[in-house]
Amino acid sequence: MYTAGACNTKQIGPCCHIFELQEKCRFLLSKPVVACYRHLASYVGGCTDSLQLRDELRQTREKALTLAVSICNHLTSHLRNKSLPEGQRKEMELLWVAFSSSLELLHVDMCKVFNISDIFSLANTDALVQTGLQGGGSEVAARALSLPDLNLAPNPTLSAGLESQERSTMEQEISQMDHMIDDMEMKVNVMRWMVEPHGPQYAEVLSSSDSASLALLSVDEEQPGHQPPCQRSHIHVLLLLFAVVLVAATLSVCIIFFT
Amino acid sequence: MSLITVLSPMTSHFQARSFGSMLVALGYIYPLQDHKRLVIKPDASLYRFQTPYFWPTQQWPVEDTDYAIYLAKRNIRKKGILELHEQEHYNRLHKWMNHKWDFIVMQAKEQYRAAKERKKPDRVVFDCQERAYWVVHRPPPGTVSAMDYGLDRLIDPNADEVTGESLLVKYCATYNSHDPFLSKCLPSNPWLTDDVTYWTLNMPYVEMPTKMRVERWTFSFAELLSDPRGRNDFRLFLKKEFSGENLAFWESCEDLKWGEAATMSEKAEHIYKTFLARGAPRWINIDGKTMEITVKGLKHPHRYVLDAAQTHIYMLMKKDSYGRYQKSPVFKETVKKAICPEEHHFTDAQLEQNAKKRRPSLSPIILRQMEQEQRAKMAATVDITQLCRFTTPVPHLAVYSGITDFPSANASPSLPFLAHSPACPSPISVALDSTSASERRVEAGEGEGEGNPAAQAAAGGNVSKSRMALSLHRLLKRGCTPATMFASLSPKCHSAAGTSSRIQPISPDQPSQAPPRRIGNFFQIKVDIPPECRIYPIESEDEDEENRAASRGGVGAKEIICPWESLTPQNGTG
């Protein structure tokens, strides 16, 4: 989902302008924590499942939850504010819908991970499914936590206590998420069908900068990949031309020699 | 990557293959090459295990939101070139989940970028996994799955062969080529190719049936009767053989069994009067014991009161007429004219075209109207040479040609019928003109009181119906009189009836002049009635017409008394 970054909830005081708040929310919402969590979840139970992966999952989850709590508080308080002007209310509702959808996604993923880690205990590594993957999820986790690199100290050996502790923590987190979703629904009545999105129907890939705004650029990320083949073909043609010119030069030289 | 191998604990290669097919179809493993065909191929093609996140074990709901995100991601990856069904899904989801669309697009981009963080081979693997997951849960059109029909379909290898059940084996052998699952469906299965020729060729009342359908009629009598086109054919044959009343009786019994409860007793009474009573116009031949049971049951009519008689007639038709039907020229001609459609061979492009041209079929309301029109047409063209022209067959025929709504069918089918038979209208139109006079006559003419209350009550009960129906009904009662003499089953009498049916136009003023006792003369024809027509020596066989008329005049209106009516003076049912 959406990392807290350097922003701290306590720093946002009531004196912030609504608009800035919206921008902040949007910024927060544009972070890829939920997406990364899903990628990490797909590793669970496979042959690359490891303690490290579980740890990464845990960290991502915690991050996600803190984020969720802060955004939830923001949005709830502002949407309950009756004096909000219409345009801004619509914006907030849009953000609300996006936020609640991502919360639901995260909740589902968390439940799935909980179930799978139940079945595929790390104590029995032979039972892990050979999915054909090679690498772990470290890079993805790093992206999720917005850290350039993840330097995790290797975990101590797996013990039964560790697993059950993890399970109970996860259960708590899931129930916390549940409550949050319920709370949100209770406190604010957003009519989802009234919300109209801004964005286009088809997504196009942005450039690789993380902090890109919602405005879509038409630069396709894949295009740099196309350059080498084009350049290669150009080079081939040039070489051919050069060879032809060379041959012509030698021939003319020969002619001059023999005449 | 892992190759699928024959699972050695399985007891047979076949079992292993079945189990493997099930695994692929459910999504636990997926093929690498031909990813849209979820089958296990016996060659060396490669399969891979699906990651537990995508397993169907826990039966987590497959969300449309996830599918939308997947499609958006795919759109990014393929730069806007999605497959047709994916495009359609995408548009549909965009319409239905419009409020979430910003979120979906955003999430798709995030997931796409997160995937880029992974190493290339892992990214490919994950793409394959996701694609396989969605092939299982949102299959593209034309996906072959091992759980579907076809040669590779899943059958329980442990199921016992059904042995020693020769009937079942025989049934299977007979119907094997007619089963659309087991053998090809000509011209093509509409569910597969979206081409509805098969359905239009096999409509219930189609003019020219297909060869397969005609072949099915030869399998058993029940098949013939259950197919409406077959029944029509059989009716035609019976008409030529002059034994159509059997089928008519059977149909009317079916009508009684499956019809509305409100009109049940009326129907039962009519059936009795038309088919079973002594001297009925379309008398059927059932043995004495069955007749006894039926008559006894008709005192308290219920839905299944005519079951015994119906079964008797059914067996009669099956043993006798059915065999002759199959050798008859009617059937042979039908077989000759039956069409055998060519098999369709559609290319993929044509299949897509067909899919686009799909239209909903006719609404059931229209179908029902068509059926009713069909029945009306059939009622109108019922051959009346079987019956005496002096009966007013119209209300009966309306019912027994299959129209289910009993009272309302009286008026409409009668008119086209009347138009067809120029001879008949006269007495009926006369009756219409002189309803009041006839009313008086009916009331006056009941000397012997037995049938009186019945007729009167019946007459009274008819007041609520339309005038025409009223008069027709009364005419029916009166018409029963000469029917006893003229109704005939044997061909001999047909010609006789035919000749004698040159009804002299009865002058309108004749009825009013006739004394009450001359009710019978209403239909009196000034031709001699050949003696062989008197099949029903129920009344005294007086040569004297007057006497006959006289006796009948008294008994006339109550000629066909339903036995239960005699017991209950109050007969509310008309």
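Visitor: Is A:Arg58 buried, partly exposed or exposed?

Guide: In this predicted model, where local features need pLDDT of at least 70, side-chain atom pairs count only at pLDDT 80 or more, and totals for chains, interfaces and linings use all residues, A:Arg58 is partly exposed, with a relative accessible area of 26%. The terms work as follows: buried means under 20% relative accessible area, exposed over 50%, and partly exposed in between, with a 1.4 Å probe and protein chains only.

Visitor: And which residue does A:Arg58 form a salt bridge with?

Guide: The partner is A:Asp55, and the closest N and O atoms of the two are 2.4 Å apart; a salt bridge here is a side-chain nitrogen of Lys or Arg within 4 Å of a carboxyl oxygen of Asp or Glu. A:Asp55 counts as buried, at 13% relative accessibility. Both A:Arg58 and A:Asp55 lie in helix H3 of chain A (residues 51-79), 3 residues apart, which is about one turn of the helix. Helices (H or I, at least four residues) and strands (E, at least two) are DSSP runs, numbered from the N terminus. As for the numbering and atoms, residues are numbered from 1 along each chain as its sequence is written, chains are lettered from A and ligands numbered from 1 in the order in which they are written, and side-chain values use heavy atoms, with hydrogens and water left out.

Visitor: Why does a spacing of three or four places matter in an α-helix?

Guide: An α-helix has 3.6 residues a turn, so residues three or four places apart point the same way.

Visitor: OK, which residues pair up like that in H15 of chain B?

Guide: B:Asp320 and B:Arg324 both lie in helix H15 of chain B, 4 residues apart, about one turn of the helix, and their side chains meet in a salt bridge at 2.7 Å, N to O. B:Asp320 counts as partly exposed at 39% relative accessibility, and B:Arg324 is partly exposed as well, with a relative accessible area of 34%.

Visitor: What about B:Lys257, where is its partner?

Guide: B:Lys257 and B:Asp307 meet through their side chains in a salt bridge of 3.7 Å, N to O. That pair links distant parts of the chain, with B:Lys257 in helix H12 and B:Asp307 in helix H15 (residues 307-327) of chain B, 50 residues apart. B:Lys257 counts as buried at 19% relative accessibility, whereas B:Asp307, at 30%, counts as partly exposed.

Visitor: How many residues of H12(B) are buried?

Guide: H12(B) is mostly covered, with 14 of its 15 residues buried. Helix H12 spans residues 244-258 of chain B and reaches 21 Å from its first C-alpha to its last, close to the 21 Å expected at 1.5 Å a residue, where the expected span is 1.5 Å times one less than the number of residues.

Visitor: What is the phi of B:Phe242?

Guide: Phi of B:Phe242 is near 60 degrees, a positive value in a residue other than glycine. B:Phe242 sits in the loop between helix H11 (228-241) and H12 of chain B, and is partly exposed, with a relative accessible area of 31%. B:Asp194, in the loop between H7 and helix H8 (197-201) of chain B, also has a positive phi, of about 55 degrees, although it is not a glycine.

Visitor: And where is the cis peptide bond?

Guide: The bond from B:Leu186 to B:Pro187 is cis, with omega near -10 degrees, and B:Pro187 is found in the loop between helix H6 (166-175) and helix H7 (190-193) of chain B.

Visitor: Switching to the interface: how many residues are in contact?

Guide: 59 residues of chain A are in contact with 44 residues of chain B, contact meaning heavy atoms within 4.5 Å. The two chains bury about 4800 Å² between them, 58% of it on carbon and sulfur atoms; buried area is the accessible area (1.4 Å probe) that two parts lose on being put together, summed over both.

Visitor: Which residues form the salt bridge across it?

Guide: The rule finds 1 salt bridge across the interface of chain A and chain B, and B:Asp66 forms it with A:Arg38, the closest N and O atoms being 3.3 Å apart. A:Arg38, A:Asp109 and B:Asp66 are linked in a network of salt bridges.
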